[in-house]
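Keep the picture open while you read, and look up each element as you get to it.

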Amino acid sequence: MLLSGIIQSDTHNFTLINLNNSMNIDSGGRLHHPDDGFQFIPSPNYDDRPEGVEITLLVIHSISLPPGEFEGNGIIDLFTNQLNQQAHSYYATIAGLKVSSHFLIRRDGEIIQFVPCQRRAWHAGVSNWNNKERCNDFSLGIELEGSDTTPFTDAQYSTLTALTQCLRKHYPITDIAGHADIAPGRKTDPGPYFDWARYRSSLQKQHRDQIFDRRE
Ligand SMILES: [Zn+2]
């Protein structure tokens with residue numbers, strides 16, 4: 001889904017601006033976040049982007065491990081190749097998968113980074129956006145802890161909006177799409193409960209207020 005449309009109000013604006021102003025990305029592509037709980041947990045599942053390719057796409061995903069269960073260590077274990085196959089029957093079906101994303105936003109809005117933005121995280125798989133294959137080459141991946149059957153939390157939308165604005169300041173991102181949009185028929189995430197209109201209006205409201213702030 002391409003982000004465009006009309007400006008709408010957003011009651012979370014004050015929080016978003018504060019979060020956005022305090023997040024930063026360093027020259028190595030690592031996020032700096034004022035929250036003491038922010039973690040960088042390195043995943044081995046990445047490699048170099050092709051030379052000269054710019055980051056122009058943000059891909060929104062959702063994931064929960066075991067499926068439909070939140071707040072455990074399953075996602076971290078998967079992205080760090082430490083998933084215990086004995087821990088859940090589903091884990092045997094994804095054993096050996098080498099995947100990651102740049103960021104995970106947990107249910108309470110906490111961010112974990114796994115791969116520096118400059119590197120190519122393995123989040124998209126076989127994919128196509130605007131007639132360009134291999135979206136991992138030119139995208140950043142953000143996973144929301146969630147499922148196809150559960151609404152995402154207010155904290156997740158707040159963090160996602162702030163993180164998106166921070167990333168747009170540092171990289172020439174032109175498009176934002178869901179995993180399902182770049183891998184139709186193969187993937188469904190972030191799923192029907194991800195509120196694209198809310199995300200879009202939060203981004204636009206924040207952008208408008210930033211312009212307004214500069215004039216004051
Ligand atoms: Zn996905």
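The points below go from the whole chain down to single residues.

1. First, the ground rules. Residues are numbered from 1 along each chain as its sequence is written. This is a predicted model, so local features need a pLDDT of at least 70 and side-chain atom pairs count only at pLDDT 80 or more, while totals for chains, interfaces and linings use all residues.

2. The chain averages 89, and 86% of the residues score at least 70. Watch residues 1-17, though: pLDDT stays under 50 there, and the model has 31 contacts beyond four places in sequence for that stretch. (Two residues are in contact if their C-beta atoms, placed from the backbone, lie within 7 Å.)

3. Now the overall make-up. The chain has five helices and twelve strands; these are DSSP runs, numbered from the N terminus, with helices being H or I of at least four residues and strands E of at least two. Of its 216 residues, 41% count as buried. Buried means that 20 or more other C-beta atoms lie within 10 Å of the residue's own, exposed means 12 or fewer, and partly exposed is in between, with C-beta atoms placed from the backbone. Among contacts between residues at least 6 apart in sequence, 74% join residues at least 24 apart.

4. Six strands form an open sheet in the order 3-7-6-11-5-12, with mixed pairing. Its edge strands are strand 3 (39-40) and strand 12, each pairing on one side only. Two strands pair if DSSP finds at least two bridges between them.

5. His61 is bridged to Glu143 in strand 11, while Leu57 is bridged to Asp175 in strand 12.

6. Which residues cover the two sides of strand 5? Leu57, Val59, His61 and Ile63 are on one side, with Leu58, Ile60 and Ser62 on the other, and all are buried. That makes seven buried residues out of seven in strand 5 (residues 57-63).

7. Helix 3 (residues 154-170) has 17 residues and reaches 25 Å from its first C-alpha to its last, close to the 24 Å expected at 1.5 Å a residue. (The expected span is 1.5 Å times one less than the number of residues.) Helix 3 lies across strands 5, 6, 7 and 11, running at about 170° to strand 11. Axes here are lines fitted to C-alpha atoms, for helices over the stretch in contact, and angles run from 0 to 180 degrees between N-to-C directions. Twelve of its 17 residues are buried, among them Gln156, Leu160 and Cys166.

8. Last, compare two residues. Gly96 sits in the loop between helix 2 (74-79) and strand 6 (103-105), and counts as exposed because it has 8 other C-beta atoms within 10 Å.

Key
pLDDT is the predictor's confidence in each residue, from 0 to 100.
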